Structures are given as structure tokens and as C-alpha cells.
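Work through the exercises below with the sequence and the coordinates at hand. Each task is followed by a solution in steps.

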Amino acid sequence: MVAAISRRRFCWVAAGALAVFALPGCSSVGGSTVVIYSCAEGVRNEVLLTALHERFPAYDIRLHYVPTGNCAAKLKMEGAQSEADIVLDLEGGYIKQVQEQLEELPADDAARYCADLLDPDNRYFPFARESACIAVNESTLSERGLEAPRSYEDLTDAMYKGLVSMPNPRSSGTGYNFVKSLVNAWGEDEAFAYFDRLAENVYQFTSSGSGPVNALVQGEAAIGLGMTFQTVSEINQGVPLRPLFFEEGAPWAVYGLGIVRGKGDRPVVREVFDWLATEGVKIDNQTYVPDQVLVDFKAEIPNYPADIAYADMTGITDPDEKQRLLGRWKY
């Protein structure tokens with residue numbers, strides 16, 4: 001199903017496997033048309049598209065939601081022939097796989113972003129830093145007479161058997177972030193031995209990064225290895241969750257914004273891209289994911305943890321390293 005979202009109304013239309021957000025009445029790509037492939041969640045896309053319509057009322061802006069792996073595969077296969085002009089919120093490891101399909105960006109403009117998020121090849125600018133946490137449902141723990149864990153090792157205690165949910169790193173970037181952070185902190189063999197022990201307590205390895213927090217909300221699990229911004233969003237809706245961070249730091253990944261090769265010569269594409277790379281980042285920070293991206297801008301969201309200590313994520317964007325490590329994953 002495809003969700004077609006305009007400024008005036010919401011409607012559902014069948015159009016394959018892509019969720020499409022666009023202005024109504026547009027049937028062909030023209031000089032004022034900009035096509036965006038976005039890997040961000042639907043609610044984030046809606047907020048950005050509304051702001052884009054307000055800023056560029058004369059442009060035909062079409063935003064297609066494309067899952068991360070599908071997006072990378074499409075860009076790799078289609079290259080300059082892609083219908084997309086801009087790729088938005090594509091995870092760093094995947095965007096490195098398709099960097100040859102993206103235009104080189106001005107190095108001077110990269111100075112406005114936090115240094116640890118930058119692409120040395122200048123094929124994308126950071127759009128979001130998404131951190132992860134150990135989220136707990138305090139009501140579920142209390143009902144079972146359990147205290148919250150204080151370390152990763154605590155999660156392997158038999159008292160939590162069947163109460164832990166984790167994203168499968170084979171299908172979830174969030175899951176892989178946890179794996180890579182512990183590989184960097186402890187060494188590869190110790191980290192994989194740990195996940196073998198943790199698996200004894202895991203209720204479910206979810207296919208997506210949002211799965212663990214959803215399981216907490218539904219009361220199906222008490223502890224979830226999930227996304228910080230999703231956890232806080234549920235807290236702000238009254239769900240009794242709490243994010244925890246252990247001494248190894250919060251796993252995180254950069255999500256990038258780029259221009260598809262051959263599309264940067266069009267002024268409308270450059271205008272929309274430049275807006276997303278500055279104002280769009282701020283809107284997303286202020287609304288959903290406030291982990292800092294811009295050097296001179298720090299957003300605040302109620303109940304969002306301040307001054308998160310981030311894990312060492314060296315090598316997180318290396319696709320060969322990711323493939324090798326996932327080859328050791330058993331679950």
C-alpha cells in the first residue's frame with residue numbers, strides 16, 4: 001500500500017511497495033519536481049513534507065518511503081537512472097555502499113556538522129544521529145518484583161528469562177549497532193560469547209529496530225534494546241518506560257542525506273537539498289531525534305536524556321566489516 005499525503009487530505013492508493021508522500025494532481029516529472037527517497041519513519045516524513053510544502057509551494061515535491069536495505073539496493077542498481085533526486089536518512093553503512101551513486105558535496109559546507117558524523121569522501125551530509133538505549137517497562141518489572149538491570153551482564157540473569165527483546169542485526173541497523181558497540185568495547189570473541197548468553201533470555205529477536213519498544217508498550221517484554229527517540233516518544237505519551245545507558249555508552253549511527261549522481265545540476269534539487277541539510281535537520285531534531293548533528297544547534301525534547309555518553313562506533317560504516325560480523329550471528 002502507498003500512503004499519499006498532501007497538504008489538504010490523507011488518502012490510500014495502491015502503488016507497489018513504496019509509501020509515497022506527494023502533492024495532489026501530479027502525474028509526471030517536470031522541471032519543478034523533486035523526488036526524495038526517505039528511509040525515515042512515516043511520522044518524521046510527514047512533518048518534513050509539510051514543512052517542505054510551506055517553504056516551496058510552487059514545487060512538486062514527491063517523497064517516497066523506501067526501507068533502508070531496499071533503498072540502497074535501488075540506488076546501487078539504478079544509479080543516475082534512478083527517479084530519486086535526493087536520498088534522505090539512509091543509514092551510514094548502507095550509504096557508503098552506494099557512495100559512487102551520489103554526487104560529491106561541498107567540503108566547506110561539512111563544517112557545520114559534528115566532526116564525528118562526517119563522511120570523509122563528502123558524498124553525504126549527516127541528517128540524524130540515532131542513538132540506542134536499554135529501555136525498560138517499569139510497570140512490567142514492578143509487577144514481577146524485578147529491579148532494572150544495571151549492566152549488559154545483568155541482562156543475562158535468569159530472572160529476566162523471556163523478558164528481553166532485541167532487534168536482529170541481520171535485518172535491523174539498531175540491532176547491528178548494539179553488536180558493533182560491544183565488539184569495539186570488549187573484542188569480537190567476548191562480544192559474541194555474550195550474545196550467546198543473552199539469547200537464553202530473549203523473548204524475541206525482532207525484524208526492525210522499533211520492535212523491542214513496541215513489545216514493551218504491549219507488555220510482551222520488560223526490557224528492550226531499542227531506539228532512544230522511540231522510547232522517549234512513548235514516555236511522552238504516558239507509557240511507563242525508562243531509557244538506561246550502561247558504561248559502554250549508547251550505540252549510535254549516522255543517517256545521511258545525499259544527492260543522486262547526475263541530479264545536482266538542477267537548481268530545484270539543490271534548493272530542496274540545502275533546505276533539508278540545514279532547516280530540515282533542525283526540524284527533525286526538534287520534533288523527534290534531538291541527538292546533536294549541527295555544531296551550533298542543540299534541540300531539546302521533554303524527557304530526552306541530556307548529555308548522552310556515546311559508545312565507540314569506530315568502523316560502523318564499513319560494509320565489509322558489517323558483512324563479516326553478521327556472518328558470526330547465529331539467531
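The model is predicted.

**Exercise 1. Overall form**

Task: State how many helices and strands there are in the chain, and compare the radius of gyration with that of a compact globule.

Solution. 
- Step 1. The chain contains 10 helices and 12 strands.
- Step 2. A compact globule with 331 residues would have a radius of gyration near 20 Å. The chain has 20 Å, so the two agree.
- Step 3. The C-alpha trace spans about 60 × 40 × 40 Å along its principal axes.
- Step 4. Of contacts between residues at least 6 apart in sequence, 73% join residues at least 24 apart.

**Exercise 2. Surface and charge**

Task: Find what share of the residues is buried, and how far apart the mean positions of the positive and negative charges are.

Solution. 
- Step 1. Buried means under 20% relative accessible area. Of the 331 residues, 55% are buried.
- Step 2. The accessible surface of the chain is about 14200 Å², and 48% of this belongs to carbon and sulfur atoms.
- Step 3. The chain has 29 positive and 46 negative charges, whose mean positions are 5 Å apart.

**Exercise 3. The largest nonpolar core**

Task: Identify which residues of the largest nonpolar core touch the most other members, and which helix gives the most to this core.

Solution. 
- Step 1. The core has 86 residues, and those that touch the most other members are Ile36, Leu52, Ile86, Ile134, Leu155 and Val272.
- Step 2. Helix α9, residues 267-287, gives the most to this core, with eight residues.
- Step 3. Take Ile86 as a case. Beyond four places in sequence, Ile86 touches residues including Val34, Val35, Ile36 and Tyr37. Val269, Val272, Phe273 and Leu276 are also among the residues touched by Ile86.
- Step 4. Val35 lies in strand β4, residues 33-38. With a relative accessible area of 1%, Val35 is buried.
- Step 5. Apart from neighbours within four places in sequence, Val35 contacts Arg62, His64, Glu83, Ala84, Asp85 and Ile86.
- Step 6. As a distance check, Val35 and Ser139 are 104 residues apart in sequence and 44 Å apart in space, C-alpha to C-alpha.

**Exercise 4. A residue of helix α9**

Task: Decide whether Val268 is buried or exposed, and list its contacts beyond four places in sequence.

Solution. 
- Step 1. Val268 is found in helix α9.
- Step 2. Its relative accessibility is 11%, so Val268 counts as buried.
- Step 3. Leaving out neighbours within four places in sequence, Val268 is in contact with Gly31, Ser32, Thr33, Val34 and Tyr59.
- Step 4. The C-alpha atoms of Val268 and Ala185, 83 residues apart along the chain, are separated by 44 Å.

**Exercise 5. Helix α8**

Task: Explain why helix α8 is described as largely enclosed by the rest of the structure.

Solution. 
- Step 1. Helix α8 covers residues 228-235, and seven of its eight residues are buried, so the helix is largely enclosed.
- Step 2. The buried residues in α8 are Thr228, Phe229, Gln230, Thr231, Val232, Glu234 and Ile235.
- Step 3. These buried residues pack against α1 (42-55), β7 (125-137), α7 (211-217), β10 (223-227) and β11 (241-244).

**Exercise 6. Loops and positive phi**

Solution. 
- Step 1. At 30% relative accessibility, Ser208 is partly exposed.
- Step 2. Beyond four places in sequence, Ser208 contacts Pro167 and Ser172. The C-alpha atoms of Ser208 and Gly173, 35 residues apart along the chain, are 8.1 Å apart.
- Step 3. Beyond four places in sequence, Asp121 touches Lys96, Gln99 and Glu104.
- Step 4. Asn122 lies in the loop between α3 and β7. Though not a glycine, Asn122 has a positive phi of about 55°.
- Step 5. Asp89, in strand β6 (residues 86-91), has a positive phi of about 60° and is not a glycine.

Key: Residues are numbered from 1 along each chain as its sequence is written. This is a predicted model: local features need pLDDT of at least 70, side-chain atom pairs count only at pLDDT 80 or more; totals for chains, interfaces and linings use all residues. Side-chain values use heavy atoms; hydrogens and water are left out. Helices (H or I, at least four residues) and strands (E, at least two) are DSSP runs, numbered from the N terminus. The radius of gyration is taken over C-alpha atoms; the globule rule is 2.2 Å times the number of residues to the power 0.38. Buried means under 20% relative accessible area, exposed over 50%, partly exposed in between (1.4 Å probe, protein chains only). Contact means heavy atoms within 4.5 Å. Accessible areas come from the Shrake-Rupley method with a 1.4 Å probe; for residues, only the protein chains shown count as cover. Lys and Arg count as positive and Asp and Glu as negative; His and the chain ends are not counted. The place of a charge is taken as NZ of Lys, CZ of Arg, CG of Asp or CD of Glu. A nonpolar core is a set of buried Ala, Val, Leu, Ile, Met, Phe, Trp, Tyr and Cys residues joined through side-chain atoms within 4.5 Å.
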